[in-house]
Amino acid sequence: MNRFLLSLLLSLLALTTVATENNNANVTFEITLADSEGKMVNDAVFIFEPLFEIAVTTDSEPPTAIMNQIKKQFVPHVLVAKTGTSIRFPNADNIFHHVYSFSPTKQFELKLYKEFTAEPLKFDKPGIVDIGCNIHDWMLGYIVVTDSPFFAKTENEGSISLSLPKGDYNVRFWHPLVKSDSLFETKTLSVNESSAVEWQLSTALPADDEFDFGFGDY
Ligand SMILES: [Cu+2]
């Protein structure tokens, strides 16, 4: 029986081997994440850091990513990007947003009108960047910057699917509502065949609508 524990936060419910055969070197690793009450958890970030040498792909820049502002919310709420990614901050609203970060990983400030497109910002240090809006206090967004090319964020009912070379990994976990002593919860894991796992947090997360406020226009 395989055991997987991310400190006390995650415990493995079941590990099922999927019978799909893969002809290329990579295997498929699927994760479904629930909280302690069985509610599916979206916006959880999993980073798989290989503990082996990986073939270096071309040094071309990662594609530009987008952190939009729609109806006075950051969209997506959580964005994961490889170190070196340029991120654009458009503004889909007809109002003014004043986006900032005080995080040491990347500090910036952008005054954004719908008509004005700021130059993309390059995120060249790994870490977590908390972003906010000076005008709308409830607007919270997170950018997770990682050196590893193997990462995903749970969406669509708490699920993700990664294509991974076989081998051992440090698996790092992060979620905006799961408090932790360290930046990431980390555990070592061997990936040897295509697998689907169900992992569960040891805590219950608040419902989405607890941080999805319907404020008036201002
Ligand atoms: Cu705003």
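K72 sits in the loop between β6 (68–70) and β7. K72 has a positive phi of about 60° although it is not a glycine. This is a predicted model: local features need pLDDT of at least 70, side-chain atom pairs count only at pLDDT 80 or more, and totals for chains, interfaces and linings use all residues. Residues are numbered from 1 along each chain as its sequence is written. The protein has zero helices and 19 strands. Helices (H or I, at least four residues) and strands (E, at least two) are DSSP runs, numbered from the N terminus.

**Confidence**

- The protein averages a pLDDT of 84, and 82% of the residues score at least 70. pLDDT is the predictor's confidence in each residue, from 0 to 100.
- Over residues 1–23, pLDDT stays under 50. The model has 47 contacts beyond four places in sequence for residues 1–23. Two residues are in contact if their C-beta atoms, placed from the backbone, lie within 7 Å.
- Over residues 210–218, pLDDT also stays under 50. Here the model has three contacts beyond four places in sequence.
- Where pLDDT is low, the predicted coordinates should not be read in detail.

**Burial and contact range**

- Of the 218 residues of the protein, 26% count as buried. A residue is buried if 20 or more other C-beta atoms lie within 10 Å of its own, exposed if 12 or fewer, and partly exposed in between, with C-beta atoms placed from the backbone.
- Among contacts in the protein with a separation of 6 or more, 68% come from residues 24 or more positions apart.

**Nonpolar core**

- The largest nonpolar core holds 38 residues. Such a core is a set of buried Ala, Val, Leu, Ile, Met, Phe, Trp, Tyr and Cys residues joined through C-beta atoms within 7 Å.
- V45, F46, I143 and V144 touch the most other members of this core.
- Elements giving two or more residues to this core include β3 (26–34), β4 (45–50), β8 (78–82) and β13 (127–133). Also among them are β14 (140–146), β15 (150–153), β17 (167–174) and β19 (195–201).
- Domain 1 (5–52 + 151–200) and domain 2 (65–146) both give residues to this core, so the core lies between them. Domain bounds come from an automatic or database domain assignment.
- V144 touches V45, V78, V80, I128 and W174, leaving aside residues up to four places away in sequence.
- In soluble globular proteins, nonpolar side chains tend to be buried together.

**Four-stranded sheet**

- An open sheet of four strands has the order β15-β4-β17-β18, with antiparallel pairing. Two strands pair if DSSP finds at least two bridges between them.
- β15 and β18 (185–191) stand at the edges, each with a single partner strand, so one side of each is left without a neighbour in the sheet.
- From one strand to the next, the twist averages 20°. Axes are lines fitted to C-alpha atoms, for helices over the stretch in contact, and angles run from 0 to 180 degrees between N-to-C directions.
- β4 and β15 run antiparallel and are joined by four bridges. F46 has A152 in β15 as its bridge partner.

**Three-stranded sheet**

- A second open sheet has three strands in the order β5-β9-β12, with mixed pairing.
- Its edge strands are β5 (65–66) and β12 (121–123), and each pairs on one side only.
- β5 pairs with β9 (residues 85–88) in the parallel sense over two bridges. A65 stands opposite I87 in β9.

**Pairings of β13**

- β13 and β14 pair in the antiparallel sense over six bridges. They form a hairpin with six residues between them.
- V129 stands opposite I143 in β14.
- β10 (residues 97–101) runs antiparallel to β13, with two bridges joining them. V99 has C133 in β13 as its bridge partner.

- Most residues other than glycine have a negative phi, and most peptide bonds are trans.
- K72 is partly exposed, with 18 other C-beta atoms within 10 Å.
- N156 has a positive phi of about 50° although it is not a glycine. N156 is found in the loop between β15 and β16 (159–165). N156 is exposed, with 9 other C-beta atoms within 10 Å.
- The peptide bond from V75 to P76 is cis, with omega near 0°. P76 is found in the loop between β7 (73–75) and β8.
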